[in-house]
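Here is a short briefing to read alongside the model. Have the sequence and the 3D view open as you go.

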Amino acid sequence: MTLPIDPSIASSASEWAIPSLDGATSEGAGAGAAQGAGSGFGSMLSDQLGKLEATQNEAADAAKALATGQATDPEAVVMAVERARLSMQLASTLRNKAVEAINDVFHTQV
Amino acid sequence: MGLFDAFDASGSGLSAERLRMDVTAENLANAQSTRSANGAGPYKRKEVVLESAGSSFADSLSAARGVRVAGIVEDPTPPRRVYDPGHPDADAQGYVTMPNVNTVTEMTDLIGASRAYEANVTAMQTAKSMFARTLDILK
């Protein structure tokens with residue numbers, strides 16, 4: 001997948017590095033840039049998107065089981081659907097915020 | 001400590017209260033059953049025993065663990081003896097051994113389970129709206 005935001009482009013700002021996530025605790029942002037997009041924020045993003053997709057699939061399966069009369073636990077179905085909804089809400093809010101930020105950059109007067 | 005710990009806890013509460021309601025419904029349905037399937041006298045009132053979930057150390061580090069069903073036990077109180085000589089299950093003295101189910105107790109249990117279910121739903125809705133309010137910060 002393509003990575004819309006790569007913090008490694010911030011070459012000198014050490015506060016952009018997320019040491020606990022990319023594991024490069026002793027290395028600065030410059031080392032993070034050398035590692036490329038395979039680690040750090042990019043991999044975290046793709047991990048989270050993968051989890052989001054798994055949650056959505058789980059909710060769809062639960063809803064299907066309820067519709068076909070196989071579900072014995074309606075609460076579990078409701079919870080799966082609700083968890084998927086909230087996860088999607090979180091992801092879309094974060095995505096909107098990121099798009100807003102990148103638009104702010106594009107609209108910078110030069 | 002995940003995003004949805006409160007959800008999982010409330011969800012386990014919902015399942016537990018629904019089971020309580022199921023068992024209460026069974027008790028009410030069998031309030032007049034003088035025979036049981038295995039031939040061991042009248043129906044015995046059943047009760048759900050709930051316990052706090054998560055006994056392992058890893059579980060104890062999590063704040064919200066929910067509830068789980070420890071088991072469904074039979075009420076040991078003695079059965080009622082009702083004088084009804086015409087009943088096919090009456091003994092030599094004309095007494096029938098009726099189940100130890102008290103309909104009034106079952107009705108209060110039913111109300112309790114229903115209210116506890118509502119409380120769990122409210123807790124879940126509150127957790128949901130707290131999460132949504134957190135997201136509103138970003139808007």
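**Salt bridges and the contact between chains**

Over all chains, the count comes to 17 salt bridges, a salt bridge being a side-chain nitrogen of Lys or Arg within 4 Å of a carboxyl oxygen of Asp or Glu. Please keep in mind that this is a predicted model, in which local features need pLDDT of at least 70 and side-chain atom pairs count only at pLDDT 80 or more, while totals for chains, interfaces and linings use all residues. Residues are numbered from 1 along each chain as its sequence is written, chains are lettered from A and ligands numbered from 1 in the order in which they are written, and side-chain values use heavy atoms, with hydrogens and water left out.

**A salt bridge between chains**

- Glu82(A) and Lys128(B) meet through their side chains in a salt bridge, at 3.5 Å from N to O.
- This pair crosses between chains, from helix H4 of chain A to helix H3 of chain B; helices (H or I, at least four residues) and strands (E, at least two) are DSSP runs, numbered from the N terminus.
- Glu82(A) counts as buried because its relative accessibility is 14%, whereas Lys128(B), at 24%, counts as partly exposed.
- Here buried means under 20% relative accessible area, exposed over 50%, and partly exposed in between (1.4 Å probe, protein chains only).

**The interface of chain B and chain A**

- Each chain brings 15 residues to the contact, where contact means heavy atoms within 4.5 Å.
- About 1,400 Å² is buried between the two chains, and carbon and sulfur atoms give 69% of that area.
- Buried area is the accessible area (1.4 Å probe) that two parts lose on being put together, summed over both.
- Phe4(B), Leu135(B) and Leu138(B) supply 36% of what chain B buries against chain A, more than any other three residues.
- The rule finds 4 salt bridges across this interface.
- Helix H1 (5-29) and helix H3 (103-136) of chain B each supply at least two residues of the side that touches chain A.

**Salt bridges within a chain**

- In chain A, Glu100(A) pairs with Lys97(A) in a salt bridge whose closest N and O atoms are 3.6 Å apart.
- Glu100(A) and Lys97(A) are 3 residues apart in helix H4 of chain A, so about one helical turn separates them.
- Both count as partly exposed, Glu100(A) at 43% relative accessibility and Lys97(A) at 33%.
- In chain B, Arg45(B) forms a salt bridge with Glu106(B), with the closest N and O atoms 2.5 Å apart.
- Arg45(B) sits in the loop between H1 and strand E1 (46-52) of chain B and Glu106(B) in helix H3 of chain B, so the pair ties together parts 61 residues apart in sequence.
- Arg45(B) is buried at 7% relative accessibility, and Glu106(B) is buried too, at 0%.
- A network of salt bridges links Arg45(B), Glu47(B), Asp75(B), Glu106(B) and Asp109(B).

**Chain A and its confidence**

- Chain A has 4 helices and 0 strands, and buried residues make up 22% of its 110 residues.
- Its mean pLDDT (the predictor's confidence in each residue, from 0 to 100) is 74, and 65% of its residues reach 70 or more.
- Confidence in chain A is lowest in helix H2 (residues 29-35), at a mean of 43, and highest in helix H4 (residues 74-106), at 90.
- Over residues 6-37 of chain A the pLDDT is below 50, and this stretch has 23 contacts in the model beyond near neighbours in sequence.
- Where pLDDT is low, the predicted coordinates should not be read in detail.
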